[in-house]
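Me: I am new to reading protein models. Could you walk me through one, feature by feature?

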Amino acid sequence: MSFILRRLGFYIAAFLVAATANFILPRLMPGNPVDIMFSQQNSTLTPEARQALIETFGFASGPLHLQFLDYMKSVFTGDLGYSIRFYPQTVNQVLAYAAPWTILLAGTATMLAFAIGSTMGSFAAWRRGGKFDAIVTPASLAVQATPAVVVAISVLFIFGVALRWLPTSYAFAPSLDPAWSWQFFGSVFVHGLMPICSLMVVFVGGYLVTMRNNMVGQLGEDHVTMGVAKGLSDRRVQFNYAARNALLPSVTSLGLTLGAILGGSLVTEVVFNYPGLGQTLYIGIVTRDYPLIQGQLLIMTFATLIANFLVDILYVFLDPRLRKV
């Protein structure tokens with residue numbers, strides 16, 4: 001319990017530091033979103049109208065410490081203000097619409113990649129030097145070294161443009177409205193196949209190689225030798241004695257990846273025009289929508305810390321030694 005409490009205190013402190021950096025960094029940039037927005041449109045404003053716009057979007061012009069207090073209040077109350085690009089929608093409304101699509105896309109791809117990569121890595125290590133190991137390990141290294149944008153564009157061209165098997169953009173058919181119907185869920189499934197598979201292919205190589213290397217190290221440990229000497233079955237030695245311990249570093253990697261999910265898979269979502277958080281962040285950066293960028297960074301920070309905290313709890317379950325710390 002003391003281990004969990006110490007980690008919880010660390011994550012609270014880390015969140016406060018990240019939230020403070022999130023306040024300072026945008027203000028180090030020249031200008032402000034209102035000036036940039038109207039300079040791009042060659043528009044002019046009276047001083048009164050400009051001040052009204054600043055107050056509407058919440059860019060306080062008072063002393064910095066008062067701005068910081070207002071900002072921290074918004075962080076803890078969840079009121080992140082209005083989005084400039086999607087006005088009159090609030091930042092919360094924009095992110096709430098995009099988040100489920102990103103969780104569906106990146107969450108599904110990550111969990112599939114973790115399960116497939118860890119399982120294949122375990123078998124590759126158990127039969128190291130065999131045909132399976134000789135094929136999948138170099139192939140995984142090659143895929144891992146391939147940029148995500150190359151994989152996404154290749155999949156889009158082959159299955160969407162050349163073969164015309166799958167739709168090339170958006171999360172569901174534009175002719176449909178979101179509804180609890182088989183037609184809508186079928187459309188979501190068909191539209192998600194290419195982006196999910198693209199992400200899964202990118203992720204699976206890393207999990208496979210990590211699991212294989214960890215497993216090879218575990219196979220030389222005394223407790224695995226003891227399991228073999230006791231006459232236990234190969235399956236029990238492989239999974240209960242070697243794979244369980246080898247899985248710990250992969251769980252850490254999974255936690256970091258899950259935490260980063262809410263950052264959106266920017267490249268994949270932009271390539272497939274998928275309406276998730278990655279594409280929203282891209283639009284926010286292009287249009288200098290600082291409230292939207294700031295809100296998304298807060299969500300990414302919070303999600304990453306929560307995911308790591310859950311990984312710490314899982315570590316206590318997987319490694320009994322931590323229960324005594």
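Me: In which hand, left or right, does helix 6 pass helix 8?

Reply: A word on the source before we start. This is a predicted model, where local features need pLDDT of at least 70, side-chain atom pairs count only at pLDDT 80 or more, and totals for chains, interfaces and linings use all residues. Residues are numbered from 1 along each chain as its sequence is written, and side-chain values use heavy atoms, with hydrogens and water left out. Now to your helices, which are DSSP runs of H or I with at least four residues, numbered from the N terminus. A crossing is left-handed if the near helix is turned anticlockwise from the far one by less than a right angle, and right-handed if clockwise. Here helix 6 makes a left-handed crossing with helix 8.

Me: At what angle do the axes of helix 6 and helix 8 cross?

Reply: Axes are lines fitted to C-alpha atoms, for helices over the stretch in contact, and angles run from 0 to 180 degrees between N-to-C directions. Helix 6 (residues 131-144) and helix 8 (residues 182-219) have axes that cross at roughly 130° and come within 8 Å. That makes helix 6 oblique to helix 8; angles under 35 degrees count as roughly parallel, over 145 as roughly antiparallel, 65 to 115 as roughly perpendicular and the rest as oblique.

Me: Which residues of helix 6 and helix 8 meet?

Reply: Contact means heavy atoms within 4.5 Å. On the helix 6 side you will find D133, V136, T137, S140, L141, V143 and Q144, and they meet V201, G205, G206, L208, V209 and R212 of helix 8. Sorted by class, this contact has six nonpolar, five polar and two charged residues. In that sorting, Ala, Val, Leu, Ile, Met, Phe, Trp, Tyr, Cys and Pro count as nonpolar, Asp, Glu, Lys and Arg as charged, and the others, Gly among them, as polar.

Me: How many aromatic pairs are there in the whole structure?

Reply: A pair of aromatic rings is described by the distance of the centres and the angle of the planes. Rings of Phe, Tyr and Trp (its six-membered ring) pair if their centres lie within 6.5 Å; planes under 30 degrees apart count as stacked, over 60 as edge-to-face and the rest as tilted. The search finds eleven such pairs. One of them, F10 with Y11, is edge-to-face, at 5.3 Å centre to centre and 65° between the planes. W101 and F172 make a tilted pair, with 5.6 Å between centres and 35° between planes. W101 lies in helix 5 (residues 91-126) and F172 in the loop between helix 7 (148-162) and helix 8, so this pair ties together parts that are 71 residues apart in sequence. Both belong to one aromatic cluster, along with Y170, W180, F184, F185 and Y274.

Me: Is W101 buried or exposed?

Reply: Buried means under 20% relative accessible area, exposed over 50%, and partly exposed in between (1.4 Å probe, protein chains only). W101 is buried at 11%, and F172 is buried at 5%.

Me: What is the phi of R164?

Reply: Most residues other than glycine have a negative phi, and most peptide bonds are trans. R164 is not a glycine, yet its phi is positive, about 60°. This residue sits in the loop between helix 7 and helix 8 and is exposed, at 69% relative accessibility. Y170 lies in that loop too, with a positive phi of about 70°, but Y170 is partly exposed at 27%.

Technical notes: Helices (H or I, at least four residues) and strands (E, at least two) are DSSP runs, numbered from the N terminus.
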